Amino acid sequence: MRDLPWPAKVYLIAVIGAATILIGRSVITSGRLVAPGDLGILLVLALLFLVCESMPTLLNVEQFAVSVSFSAALAAVVLIGPEGAALVGFTAVFSVRPGLPLIKRLFNGAQFAICGYAAGWVYQGLGGVSGVPGVNVFDDLIGPYAAATGVFVPLNIMLTLTMIRLATRVRAMEVPLRGMVQFLLSYLGYGTFGLLVAGLWATVQSISAVLVLLPLFVARWAFGQYHAQQRSYDATIAALCQAVETKDYYTRGHCTRVSLASSMIAQEIGMGLERLRAIRYAGMLHDVGKLGVPTKVLQKEGPLTEEEFAAIQLHPMRGLEIVRGIDFLDEAYAGIMHHHERHDGKGYPMGLAADEIPEFARIIAVADAFDSMTSDRSYRHARSVEVAVDELRKNAGRQFDPVMVAAFARALERDPWQPPRRVEPPPPEATETPIKDHDDPTRPIEVVSGP
Amino acid sequence: MTRALQSLDSGQLLLICGAGLVAVAGVAHTSAVGLDRPEIAIGFGALIAVGELARLTMPGNREVAPIGAAAALGYTLLLDLSDNPLRHTALQVVAVIAVGMIAGALPHLAVGRPPRLDAMARRLLTGALLAFAFRPLADPLYQLTRQDPPTWWPALGVMVTLITLTLLIDVLIAALLRAEQVRTAFRVAVRDEINMAFPLGAAVAASGVLLALATHSMDLVALLVFAAPLLVTQVAFRKYAGIRATYLQTVRALSRVTEVGGYVEPGHSRRVSRLAVAVGRELGMAEPELLELEYAALMHDIGQLSLSDPIPGGATVLADPAQARRIAELGAEVIKQTGVLDRVAELVRRQCDQIAEDPPLSSRIIKAANAYDDLVGGSADRDRGGAALERLRLAAGTAYDPDAIEAMTRVVDRLGVHKL
């Protein structure tokens with residue numbers, strides 16, 4: 001509390017005060033908050049609310065932990081009325097989240113209570129009747145209930161976001177609009193659970209809550225498993241790609257950095273989540289075929305023969321061959337296969353030009369060359385980020401897609417690049433360091449033609 | 001189609017025939033006597049079709065259709081619609097399930113994804129089983145709910161009991177099929193199937209009961225809304241199954257970099273992993289262990305990437321022991337980098353251990369499988385396989401685990417090397 005900026009303090013007190021006044025007014029005008037007959041329902045719903053509130057569920061939108069607790073408050077709107085909803089919401093104060101300071105608990109409880117009141121009034125204002133609904137009145141419930149949800153959810157989000165904004169002084173959460181819309185829709189969708197609980201109350205009372213919650217908890221478990229597997233997968237793919245690079249002393253960490261740079265560009269040009277993930281993996285895996293290039297070719301001093309160069313040119317296809325068994329987006333394959341095509345059509349393996357080159361490949365090409373230039377090589381030291389970007393710009397339109405180069409430059413201004421640590425010259429016993437880097441645009445591989 | 005049929009074993013064929021007969025009986029009877037309350041049948045049938053359309057494949061190549069199963073469950077358990085009792089027979093339930101499933105499978109067929117007949121047959125039979133058990137009780141149970149005061153507890157109790165029993169039978173059938181299909185011990189298969197079926201089964205059962213009760217107190221309109229909790233579950237499981245599949249594919253794919261780099265013979269990692277998994281199964285290992293074994297077997301040579309020069313031919317059984325041990329250590333180091341596959345790393349690290357050092361069973365299996373493949377390679381020659389086994393048997397008890405060698409002999413005998 002003490003370290004909060006003063007606008008946040010004022011806001012906090014205002015919210016808690018408003019909730020107190022609302023509850024106080026209800027007590028004074030009607031003499032009590034809920035009818036004694038509704039106490040049982042209130043207790044069950046409060047319990048339901050607490051259980052959900054204490055276990056926020058990671059649902060489809062990754063930035064947010066959604067808890068479906070609010071559907072219990074909405075069920076209370078139908079079953080008991082505004083006061084009941086407010087009381088159920090207020091139990092957020094007691095949620096089992098160790099380490100949550102009292103002031104935050106109070107704020108949570110207060111804002112849920114306010115939302116409960118607002119939703120309740122809207123529900124009753126539109127002709128919704130509070131009380132256990134009988135059989136066959138379901139159709140009359142839907143309209144007012146939907147309106148109540150439509151008030152509760154945005155109000156809840158607004159109150160919370162304002163608090164976060166005032167307390168942390170960051171700009172309004174930087175969430176892409178699409179994510180926000182998806183989030184709102186799924187939140188509204190979860191509101192239906194409250195309707196289910198309320199609608200079934202007449203038949204099986206509190207069991208309805210169990211029936212609704214059981215699939216949700218299973219879903220929560222499965223989402224948890226999914227996220228664990230996803231993290232584990234990311235770590236595994238990174239470790240395996242690094243293993244492929246261990247042989248080459250200078251390119252260690254190349255794959256992770258290309259993956260990062262590719263996703264920066266992709267984000268800058270506004271790719272969706274699914275494609276973003278695919279390009280991260282494509283960037284990571286773009287050079288796995290390099291092991292197929294014989295070490296002696298990479299170590300050869302001076303120009304290569306055409307055959308030797310052909311061995312280097314084969315590596316994107318080799319890479320594709322390896323990863324083809326993995327169910328990625330097709331774009332990821334295309335990105336791996338064509339990441340050495342050039343904008344002017346002089347690249348390999350197919351000699352595609354400009355727009356013929358798949359988008360993923362154009363992105364990876366820029367990221368790949370950039371990391372090569374900003375890393376140490378046996379024949380030169382790493383260049384600075386500025387020099388490397390200039391070099392990319394100089395080659396834009398010839399080797400690189402100007403759009404991607406521009407996007408990358410913008411992304412770099414926002415998120416500064418962390419160049420790899422300076423590589424100490426390898427110990428003398430490891431003499432076999434490749435002296436060619438096929439990714440380095442400033443030092444193209446020389447090829448002698450002829451027999 | 002004939003090839004698809006040939007790949008089925010006798011248990012599956014029996015199951016499919018049974019399901020076919022039940023479905024024909026249901027449809028024939030229903031078309032003879034007519035549909036009772038067609039609009040309800042169509043509503044639930046449509047939901048079953050949607051569920052079939054949205055079926056997904058869980059780890060271990062298990063096909064499930066949770067939404068369809070819940071809808072079938074809901075239709076079976078339906079007692080009344082807004083206080084009008086429903087008297088559809090078990091045969092009608094079967095007909096609705098069968099028609100719904102076929103309708104949902106057609107779009108899959110149209111885009112060239114043939115149906116998994118055995119999985120569909122199991123789903124249909126499970127639904128039919130519950131229908132035949134529950135429908136005769138529907139009317140008495142409905143009368144109970146009409147008492148004063150109305151009570152739903154007996155109905156609920158019967159529903160939960162019958163669902164549990166049906167799920168158990170379903171698990172047993174699945175385990176029987178699996179035991180036959182992948183040659184694992186029945187009790188291991190039962191344990192695997194229960195672990196797999198429990199979470200999804202609970203969600204489906206709850207949603208099925210929810211659907212039935214919802215249709216009682218509200219109307220058919222609410223049918224789609226009430227599938228909402230299950231929809232969330234379905235999304236979650238689809239993502240989970242997706243990442244599990246991608247994970248396995250990725251490790252399988254990347255295990256090939258050693259081949260592309262010329263460190264090992266083409267196909268070595270994959271053959272070793274297949275043989276190792278088959279041996280592990282023969283020795284009664286359960287699925288989570290088998291997955292770790294498969295990962296470790298796929299990546300057992302990954303340490304070679306840290307060597308500057310490939311060992312000629314990559315045959316680690318012929319390399320000197322110190323070298324082999326170093327490859328194992330380096331490989332374990334790589335796998336440990338992931339931070340999550342520590343147990344797999346340990347299996348890889350100990351793949352060269354002598355029996356006296358008491359390595360884990362999976363490491364012993366990998367050691368034996370690796371040696372076998374180093375000697376036999378991709379060859380399908382039975383004599384060569386026999387000679388290799390003979391050679392390994394000489395070192396059984398010192399270098400190789402005798403049980404693993406025995407199990408491997410059985411596996412190789414049964415499947416033939418080429419069919420692994």
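Over residues 197–214 of chain B, the predicted model is 100% helix and 0% strand, with the end C-alpha atoms 25 Å apart. This stretch is one of those that the UniProt annotation "transmembrane region", taken from an unreviewed entry, covers in chain B, the others being residues 93–112, 124–143, 155–177 and 220–237. For two of the annotated spans, the computed values are set out below.

The contact between the chains takes 56 residues from chain B and 52 residues from chain A. On the side of chain B that touches chain A, at least two residues each are supplied by α8 (186–217), α9 (228–254) and α10 (257–260), and the largest share, 21 residues, comes from α9(B). By class, this side of chain B has 36 nonpolar, 14 polar and 6 charged residues.

Within chain B, helix α13 (residues 321–336) and helix α14 (residues 342–349) pack with their axes 8 Å apart and at an angle of about 175°; because angles over 145 degrees count as roughly antiparallel, α13(B) and α14(B) are roughly antiparallel to each other. To this contact α13(B) brings Ala328(B), Glu329(B), Gly331(B), Ala332(B), Ile335(B) and Lys336(B), while α14(B) brings Asp342(B), Val344(B), Ala345(B), Glu346(B), Val348(B) and Arg349(B). The residues of the contact of α13(B) with α14(B) comprise 6 nonpolar, 1 polar and 5 charged.

Technical notes
Residues are numbered from 1 along each chain as its sequence is written. Chains are lettered from A and ligands numbered from 1 in the order in which they are written. This is a predicted model: local features need pLDDT of at least 70, side-chain atom pairs count only at pLDDT 80 or more; totals for chains, interfaces and linings use all residues. Axes are lines fitted to C-alpha atoms, for helices over the stretch in contact, and angles run from 0 to 180 degrees between N-to-C directions. Helices (H or I, at least four residues) and strands (E, at least two) are DSSP runs, numbered from the N terminus. Angles under 35 degrees count as roughly parallel, over 145 as roughly antiparallel, 65 to 115 as roughly perpendicular and the rest as oblique. Two residues are in contact if their C-beta atoms, placed from the backbone, lie within 7 Å. Ala, Val, Leu, Ile, Met, Phe, Trp, Tyr, Cys and Pro count as nonpolar, Asp, Glu, Lys and Arg as charged, and the others, Gly among them, as polar. UniProt positions are given in the numbering used here, feature names are shortened, and annotations may be inferred rather than shown by experiment.
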